[in-house]
Amino acid sequence: MSIESHKPTSIISGVGSYVPSQVVDNVTLSKKVDTSDEWIRSRTGIKQRRFATEKEATSDLAFIASQNALSDAGKKPNDIDLVIVATITPDMAFPSTACLIQHRLGIPKVACFDIEAACSGFLYALDIADGMLSSGRFKCALVVGAEKLSSIMDWEDRTTCVLFGDGAGAAVLTNSGEGPQLIGFKSGADGSNPTLLHQPAGGSLEPASMKSLDARGHFLKMNGREIFKSAVRVMSTAARELLSENGFSVDDVDHIIPHQANARIVESLSQRLAIPLDKFFCNLDKYGNTSAASIPIAFDEATKASIFKQGQLGLFVAFGAGLTWSAVLVRF
Ligand code: COA
């Protein structure tokens, strides 16, 4: 099957991102946590990350990233008829972060909601927005991935707190116009082992209590080794299936933007897919893992650096808690 036989889907009319100004490098972190620059760099490739201030919430980061994406797309708030925010660190359980930014951006009273697919969230949100635009009932969607992961990091758990950072990225999707075209999606999940990566307390299973606070249950918990293995397996499978379903091989891919979790995961993915590492765009050394924000931040940086040439094929691929995974094909 060739690309020509596909019904055209959404166009990315504009992209934008925002990271908080506070830079924390590994050396600074090692004054607070029992770790070292050498350990973090060699195990993860991360050199520094950005942290929001106490007063900044996820919606503050999402708001600025959205303004940047709207301006890049040449769109006004009035043009938007759908807002989807992917996040695991919403300002609060409800109302949604999407509603909060709708009001601040001055977007009309259109459909606004959050989705939660952890680090795959932005790609899931693109998939959902594309489906809604394809229905013909929506014309212009604001899709955001935004996180303040520092709000759920356990500073007493050195195996997790060195990995994450805060930030936001956004894209404006339209069903006509100029820009990279979304041409294929593959999203999936395996909920059989939810505790591999989770935040146990604060939900209906274990509401906030003195006991849950004492158990540090409101912080992110992770089995790093198992997540590592699963990440490489599910991302490579999703990527191969998506390429094959759309009539492409791995050789057709010009650029990959993987979820920015760990340089060693990216290297293993490169080997497993037999796609050279120089086709992977990575900025995790600067920001750490920003979960749902990682791909749109990387996509924005790569776009602004003019890395993509017209006609090239791009692949976004992510994995996250759930486990979830998602792959998206883009024709630049
Ligand atoms: N600084 C220094 N030492 C650390 C450390 C830190 N920040 N974190 C763990 N260690 C120590 C451990 O205590 C352990 O010491 P020991 O051998 O004396 O017991 C040793 O380093 C190895 O720990 P381990 O957890 O086995 O390391 P690892 O090689 O598996 O690397 C991760 C840990 C987290 C970097 C790795 O498993 C990983 O990247 N997993 C994927 C995580 C991920 O991407 N999550 C996001 C999903 S979206």
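Helices (DSSP runs of H or I, at least four residues) and strands (DSSP runs of E, at least two) are numbered from the N terminus. What you're looking at is a predicted model: local features need pLDDT of at least 70, side-chain atom pairs count only at pLDDT 80 or more, and totals for chains, interfaces and linings use all residues. Residues are numbered from 1 along each chain as its sequence is written, and side-chain values use heavy atoms, with hydrogens and water left out.

**View A. Ala118, a positive phi in a loop.** Look for Ala118 in the loop between strand 5 (111-115) and helix 5. The phi of Ala118 is near 50 degrees, which is positive even though the residue isn't a glycine. Ala118 is also buried, with a relative accessible area of 4% (buried means under 20%, exposed over 50%, and partly exposed in between, using a 1.4 Å probe and protein chains only).

**View B. Domain 1 against domain 2.** The chain splits into domain 1 (11-178) and domain 2 (183-331), with bounds that come from an automatic or database domain assignment. Their C-alpha centres sit 14 Å apart. Domain 1 puts 47 residues into the contact and domain 2 puts in 44, where contact means heavy atoms within 4.5 Å. About 3600 Å² is buried between the two domains, with carbon and sulfur atoms giving 63% of that; buried area is the accessible area (1.4 Å probe) that two parts lose on being put together, summed over both. Zoom in on Cys119, Leu123 and Ile152: they supply 18% of the area that domain 1 buries against domain 2, more than any other three residues.

**View C. The domain 1 side of the interface.** Across the interface of domain 1 and domain 2 there are 19 residue pairs in polar contact, both residues at pLDDT 80 or more (a polar contact is a pair of N or O atoms within 3.5 Å; within protein, one must be able to donate a hydrogen and the other to accept it, and sequence neighbours count only if both atoms are side-chain atoms). Several elements supply at least two residues each to the side of domain 1 that touches domain 2, among them strand 1 (11-18), helix 2 (37-44), helix 5 (121-134) and strand 7 (166-174). Helix 5 gives the most to that side, with seven residues.

**View D. Asp154 and Arg216 bridge two loops.** The model has ten salt bridges in total, each a side-chain nitrogen of Lys or Arg within 4 Å of a carboxyl oxygen of Asp or Glu. Asp154 lies in the loop between strand 6 and helix 6, and Arg216 in the loop between helix 7 (210-214) and strand 10 (221-222), so this pair ties together parts that are 62 residues apart in sequence. The closest N and O atoms of the Asp154–Arg216 salt bridge are 2.8 Å apart. Asp154 is buried at a relative accessible area of 5%, while Arg216 is partly exposed at 27%. Glu156 joins in too: Asp154, Glu156 and Arg216 are linked in a network of salt bridges. One more thing about Arg216: its phi is near 55 degrees, a positive value in a residue other than glycine.

**View E. Two salt bridges involving helices.** Glu226 forms a salt bridge with Lys229, with the closest N and O atoms 3.1 Å apart. Both sit in helix 8 (residues 224-245), and because they're three residues apart, about one helical turn separates them. Glu226 is partly exposed, at 32% relative accessibility. Over at the other pair, Glu301 forms a salt bridge with Lys286, the closest N and O atoms being 3.0 Å apart. That one links distant parts of the chain, with Glu301 in helix 11 (residues 294-304) and Lys286 in helix 10 (residues 284-287), 15 residues apart. Lys286 counts as partly exposed at 30% relative accessibility.

**View F. Ser270 in helix 9.** Ser270 belongs to helix 9 (residues 263-273) and is buried, at 9% relative accessibility. A polar atom of the Ser270 side chain lies 2.7 Å from the backbone oxygen of Ile275. Leaving out residues up to four places away in sequence, Ser270 touches Ile275, Pro276, Leu277 and Phe280.

**View G. Cis peptide bonds.** The bond from Phe94 to Pro95 is cis, with omega near 0 degrees, and Pro95 sits in the loop between strand 4 (82-86) and helix 4 (97-105). The bond from Gly322 to Leu323 is cis as well, with omega near -10 degrees. Leu323 is in the loop between strand 12 (313-320) and strand 13 (324-331).
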